[in-house]
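Student: I'd like to learn how to read a structure like this one, feature by feature. Could we go through it together?

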Amino acid sequence: MDRIKGSLELLSDIQLTADMEGLDAESKTLLRNKEVLAVILQGVVEEYAGYSLKDIMGFIGPVNGDQEVSPGRTNSQIRGENAETIHLNEKTSYFDMAFRAKDPRCSDGDVQVSLHIDIEMQKRYKMPYPIEKRGMYYLARRLSSQLSLATEDTDYDQLEKCYSIWICRDRIPKDSRYSISFYRVTNTQTIGAGMVPKEHYDLMTLVVIKLGHKVYNGRKGEDGYSLLRFLNAILYPHRDDFMETITEYVDLSENEDLRKEAEQVNGLGLSILEEGIQALITDNLEEKIPRERIIAKLCRHFHLTQESAEQYYEQFAVEV
């Protein structure tokens with residue numbers, strides 16, 4: 001598998017999210033790491049098809065930025081993207097993660113063309129409104145903010161492609177779980193001659209990624225498998241195989257400091273797991289639940305084998 005060298009910053013953020021129960025500030029901090037962004041972009045951005053994670057990391061510009069930017073002032077922000085867009089009395093739009101990334105297919109020599117990307121984290125998919133409509137609105141704001149107020153001299157050729165990538169974790173219908181949907185501007189019909197090149201209108205792509213459960217049972221080789229498996233590992237409380245999964249994407253082997261940190265993180269995850277197991281056993285014994293039912297619960301809640309569940313029971317039941 002294509003892997004990228006990890007950083008101490010990434011491992012530090014992994015530690016912060018080890019027992020995360022929701023998409024909170026810590027989870028967004030984790031996703032701002034370029035190693036994580038590279039995996040996401042490789043999975044859904046068509047311009048990056050065939051590029052390695054290392055290449056994609058090099059394409060990503062500075063992430064975040066808290067500037068208050070109106071559509072007419074965005075051009076002055078060369079790098080360090082706006083986290084919100086404000087215009088007159090409109091509702092303020094806040095972007096979880098907004099940044100630019102190089103478009104390698106259109107850039108040449110001194111000419112660099114960017115993709116304008118925002119990644120939105122959603123704890124739940126079911127909202128009072130369709131997520132897809134909100135995503136299209138964000139895309140429209142991102143596109144319109146690239147130009148000053150329209151005049152007779154406005155150069156619309158300056159417009160660069162925008163991506164809005166939504167990652168939804170919970171409250172997803174069963175038939176939609178672990179799916180990735182792409183919504184693009186396309187030419188659906190031409191009457192007569194005169195086909196227009198795709199690059200003239202291919203300016204907005206909405207991507208909606210739906211997870212749905214703590215355990216992902218996809219099969220290797222299926223479309224989206226690599227990305228869905230990675231996101232499932234980092235966006236739910238870490239399981240005992242967390243570091244084993246992450247190191248398939250992030251290479252820690254050539255850095256001694258990273259290796260030691262990784263061992264510490266893995267140990268932390270195991271410690272948290274065992275604390276949960278012990279608490280379940282203790283609570284159930286106090287309720288006088290039979291041994292067989294407790295072991296069945298351990299298998300179901302912690303995805304243990306029968307043998308492992310029995311070993312944990314013998315270990316912690318003695319202490320009650």
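Student: How many bridges join strand E6 to strand E7?

Tutor: Strands pair if DSSP finds at least two bridges between them; the strands (E, at least two residues) and helices (H or I, at least four) are DSSP runs numbered from the N terminus. Here E6 (residues 114-124) and E7 (residues 162-170) run parallel, joined by eight bridges. His116, for instance, stands opposite Cys162 in E7. Bear in mind that this is a predicted model: local features need pLDDT of at least 70, side-chain atom pairs count only at pLDDT 80 or more, and totals for chains, interfaces and linings use all residues. Residues are numbered from 1 along each chain as its sequence is written, and side-chain values use heavy atoms, with hydrogens and water left out.

Student: What is the strand order in the open sheet?

Tutor: Five strands make up this open sheet, in the order E5-E6-E7-E9-E8, and the pairing is mixed. Strand E5 (97-102) and strand E8 (179-184) are the edges, each pairing on one side only. On average, neighbouring strands of this sheet are turned by 20° against each other, direction ignored; axes are lines fitted to C-alpha atoms, for helices over the stretch in contact, with angles from 0 to 180 degrees between N-to-C directions.

Student: Which way does E9 pair with E7, and which way with E8?

Tutor: E7 and E9 pair in the parallel sense over seven bridges, with Cys168 opposite Lys210 in E9. E8 and E9 pair in the antiparallel sense over six bridges, and there Ile180 has Ile209 as its bridge partner in E9.

Student: Is E9 mostly covered or uncovered?

Tutor: We call a residue buried under 20% relative accessible area, exposed over 50%, and partly exposed in between (1.4 Å probe, protein chains only). In E9, seven of its seven residues are buried. Met204, Leu206, Val208 and Lys210 sit on one side, with Thr205, Val207 and Ile209 on the other, so to speak a strand covered on both faces.

Student: What lies across E7, E8 and E9?

Tutor: Helix H6 (residues 225-234) does, running at about 60° to strand E9 (204-210); contact means heavy atoms within 4.5 Å. Eight of the 10 residues of H6 are buried, so this helix is largely enclosed by the rest of the structure. Among the buried ones are Tyr225, Phe230, Leu231 and Ile234.

Student: Which residues have the most contacts inside the largest nonpolar core?

Tutor: A nonpolar core is a set of buried Ala, Val, Leu, Ile, Met, Phe, Trp, Tyr and Cys residues joined through side-chain atoms within 4.5 Å. The largest has 49 residues, with the most contacts made by Ile119, Ile167, Ile209, Leu231 and Ile234. Apart from it lies another core, of 17 residues, including Phe95 and Tyr125.

Student: How many cavities of 30 Å³ or more are there?

Tutor: Rolling a probe the size of a water molecule over the atoms shows where empty space is left. On a 1 Å grid over the protein atoms alone, a cavity is a set of points where a 1.4 Å probe fits but cannot get out; lining residues have an atom within 4 Å of a point. Points are joined across faces, edges and corners, and a volume is the space filled by probe spheres set on them. This structure holds two such cavities.

How values were computed
1 Å grid on protein atoms, 1.4 Å probe; cavity = no way out; pocket = protein on both sides within 12 Å on 5 of 7 lines; lining within 4 Å.
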